[in-house]
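Keep the sequence and the model side by side.

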Amino acid sequence: MVAMTSSGTAVVTLPADTQIVITREFDARKHLVYRAYTDPDLIARWWSGERGEVTSVEVDLRVGGTWRYVMKANEGFEVAFHGEFREIVPNERIVSTEVYEMPEDHPMAGTPEAEEGTLNIVTFTEVDGRTTLTTVVECHAKEVRDAIIESGMEGGMQEAMDRLEQVAVSLA
């Protein structure tokens, strides 16, 4: 397993050519982390990290349901992701797809690779009142995994995870 240097408290590893694993411990019980992770009003408080302002959160939290998050980045452009829920075990596990909505002028916009996105497996594990959130991002190709890593996703993810913890703790 190859470890990457993490700027925040989440640890990012690349255990396989097509995987990204993100692990973050929270000082909150898992039902609170799960609620902050899945409730649209709460997602709006943490998802953008320090990178902008969330402008839309849609969550149909059921197998076959969809989700979509949109933010206006500090630089003025819009960033959006969407996906479909494949498996949901409340307070335990969420499996969903994730597709980055690329700007029309992006070289990969409209390609099958861009439309396929990733499969994300998120688990919530609690020990002694603390929750470990583990996200396994399954990419269909090493190039996709590398593009995600090179996009600067880690900095924004670290900020979002810090905010997610703040929101979860505030629910106690």
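Among contacts with a separation of 6 or more, 50% join residues 24 or more positions apart in the chain. Keep in mind that this is a predicted model.

Now trace the elements. The chain has five helices and nine strands. Their order along the sequence is β-β-β-α-α-β-β-β-β-α-β-β-α-α. The radius of gyration is 15 Å, close to the 16 Å that the globule rule gives for 172 residues, so the chain is as compact as a globular protein of that length. Along its principal axes, the C-alpha trace spans about 45 × 35 × 30 Å.

Next, look at burial and surface. Of the 172 residues in the chain, 44% are buried, where buried means under 20% relative accessible area. The accessible surface comes to about 9000 Å². Carbon and sulfur atoms account for 50% of that surface.

Charge comes next. The chain carries 15 positive and 31 negative charges.

Finally, zoom in on helix 4, which covers residues 142-150. Which of its residues are buried? They are Val-144, Arg-145 and Asp-146. Two of these, Arg-145 and Asp-146, are of the kinds counted as charged. What covers the buried residues of helix 4? The cover includes strand 2 (11-14) and strand 3 (19-26). After helix 4 comes Gly-152. The phi of Gly-152 is positive, near 85°.

Conventions: Residues are numbered from 1 along each chain as its sequence is written. This is a predicted model: local features need pLDDT of at least 70, side-chain atom pairs count only at pLDDT 80 or more; totals for chains, interfaces and linings use all residues. Side-chain values use heavy atoms; hydrogens and water are left out. Helices (H or I, at least four residues) and strands (E, at least two) are DSSP runs, numbered from the N terminus. The radius of gyration is taken over C-alpha atoms; the globule rule is 2.2 Å times the number of residues to the power 0.38. Buried means under 20% relative accessible area, exposed over 50%, partly exposed in between (1.4 Å probe, protein chains only). Contact means heavy atoms within 4.5 Å. Accessible areas come from the Shrake-Rupley method with a 1.4 Å probe; for residues, only the protein chains shown count as cover. The place of a charge is taken as NZ of Lys, CZ of Arg, CG of Asp or CD of Glu.
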